[in-house]
Amino acid sequence: MKKQYKVGIIPGDGIGRDVIRAATTVLEAVNDVAEGFSLQFLRMEAGDSAVEKYGKPFPQETIDGIRQVNNVLFGAAGGPNAAEVIQGMRRTFELYANVRPIKALPGTKALQPNSDLIIVRENTEGLYRRVGYIDGDTYVNLRVFTRKGMERIIRFGFNLARREGRKKVTFTHKAILLTYTDRPMLELFYEIAKEFPDIRAEDMEYDNCAMRIVMKPGDLDVVLAENANGDILSDVGAGTIGGLGFVPGGNIGDTAAVFEPIHGTAPKYADKNIANPIAAILAAKMLVNHLGEKEMSARIEEVVRQLLTDGKIRTFDLGGTSSTSEVGEAVAQEIRKYGGKK
Ligand code: ATP
């Protein structure tokens, strides 16, 4: 009996539509060849198309749809829709962990071609909790941590390291100055680390970690950061491996997960079938991995790496002429050729 998974597909705005179409072609090929599981797709609206149909960028219909599927592939939301859609998903489903693999791809002029680390960022607390006030000439945003928030992201980091066969988790902080937030979280980190004796635990100030990501990424394995600093570290990491067109991310909670390319809507390229869909295809790969289908997930990545090495999938940003859909079809074709087994 095949396992059955439901997958939500939300293209969103701008090039989200182009790249999610290509990534869906890949998931359809996965579905055709997978021996042990099948995927059932549920298409949903967010962004402009949702405003047109339901009057809101992140309508109740989409929230109900996500509840049915739990796992979603999302493109992008731009302009005034962005905050409502992205924050709406994160808040409604408590997607507290933002996971960004920083792994360079061949043929992409990465600054660090051997980078292979995972950044885990807390997604709901810290400075982005939006707690603060203005009192006359004083402007305050508070960095709010909760015991629950700290514990769950630390455990998530260690569990992810274990699941992904990683050896070490590096907690980043500024405990020496941020004595009310980072210091207690650092203590908690080492306390929880005792539950994971198979994984090494270390800590590092986040400015030092930013430099390591750029200069010596081989020192790092899984990097754990609170929200605002993790936001910066994630983009520093993305910059070292070729930038926006290549980096996927996952927003993961206990009951739902949303995978997306980290780029935005790039409106000037929307609906032209020229955007690079590799980040979206790798987001689909992360989704398959999250479902527990590791072999198929590895296969998708392998196909992408091989096609890039052979120079067969080069969109304009890589100096080539491949269209978005050609890249999706090339990856899908290779997956169909070899099936789910290596
Ligand atoms: P938004 O307002 O939604 O963030 P944006 O255009 O300001 O849109 P991004 O979509 O993140 O921001 O992209 C910035 C630039 O990076 C784009 O204008 C484009 O040049 C490039 N870019 C981003 N994603 C891709 C892609 N998938 N393929 C090709 N180029 C891309």
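Is Ala279 buried or exposed? Select Ala279 and look: this residue is buried, with a relative accessible area of 0%. Buried here means under 20% relative accessible area, exposed means over 50%, and partly exposed is in between, using a 1.4 Å probe and protein chains only.

Before moving on, some housekeeping. This is a predicted model, where local features need pLDDT of at least 70, side-chain atom pairs count only at pLDDT 80 or more, and totals for chains, interfaces and linings use all residues. Residues are numbered from 1 along each chain as its sequence is written, and side-chain values use heavy atoms, with hydrogens and water left out.

**Around Ala279**

Ala279 sits in helix H9; helices (H or I, at least four residues) and strands (E, at least two) are DSSP runs numbered from the N terminus. Leave out neighbours within four places in sequence, and Ala279 is in contact with Leu244, Gly245, Phe246, Val247, Pro248, Pro261 and His263, where contact means heavy atoms within 4.5 Å.

**The ligand**

Next, select the ligand and the 13 residues around it; His263, Gly264, Thr265, Ala266 and Asn276 come nearest. A residue counts as near if one of its heavy atoms lies within 4 Å. By type, the shell splits into seven nonpolar, five polar and one charged.

Zoom in on the N and O atoms. A polar side-chain atom of Thr265 is 2.7 Å from an oxygen atom of the ligand, and a backbone N or O atom of Ala266 is 2.8 Å from a ligand oxygen atom. On the nitrogen side, a polar backbone atom of Asn276 lies 2.9 Å from a nitrogen atom of the ligand. The protein covers 66% of the 600 Å² of accessible area that the ligand has on its own, by the Shrake-Rupley method with a 1.4 Å probe.

Go to Glu260 in strand E12. Glu260 is buried at 12% relative accessible area, and its side chain makes a polar contact of 2.8 Å with that of Asn251. A polar contact is a pair of N or O atoms within 3.5 Å; within protein, one must be able to donate a hydrogen and the other to accept it, and residues adjacent in sequence count only if both atoms are side-chain atoms.

Then jump to Asp221, in the loop between helix H7 (206–215) and strand E10 (222–225). Asp221 is buried too, with a relative accessible area of 12%. Its side-chain partner is Arg166, at 3.0 Å.

**Two asparagines with positive phi**

Select Asn70, in the loop between helix H3 (60–69) and strand E3 (71–76). Its phi is near 70°, positive in a residue other than glycine, and Asn70 is partly exposed at 34%. Asn273, in the loop between strand E12 (257–261) and H9, has a positive phi of about 60°.

**Last stop: H11**

Finish on helix H11 (residues 324–338), whose 15 residues reach 22 Å from first C-alpha to last. Its buried residues include Val327, Val331 and Ile335. Show helices H1 (15–33), H9 (278–290) and H10 (294–309) as well: they are among what covers the buried residues of H11.

Terms used:
Nonpolar A, V, L, I, M, F, W, Y, C, P; charged D, E, K, R; others polar. Expected span 1.5 Å × (residues − 1).
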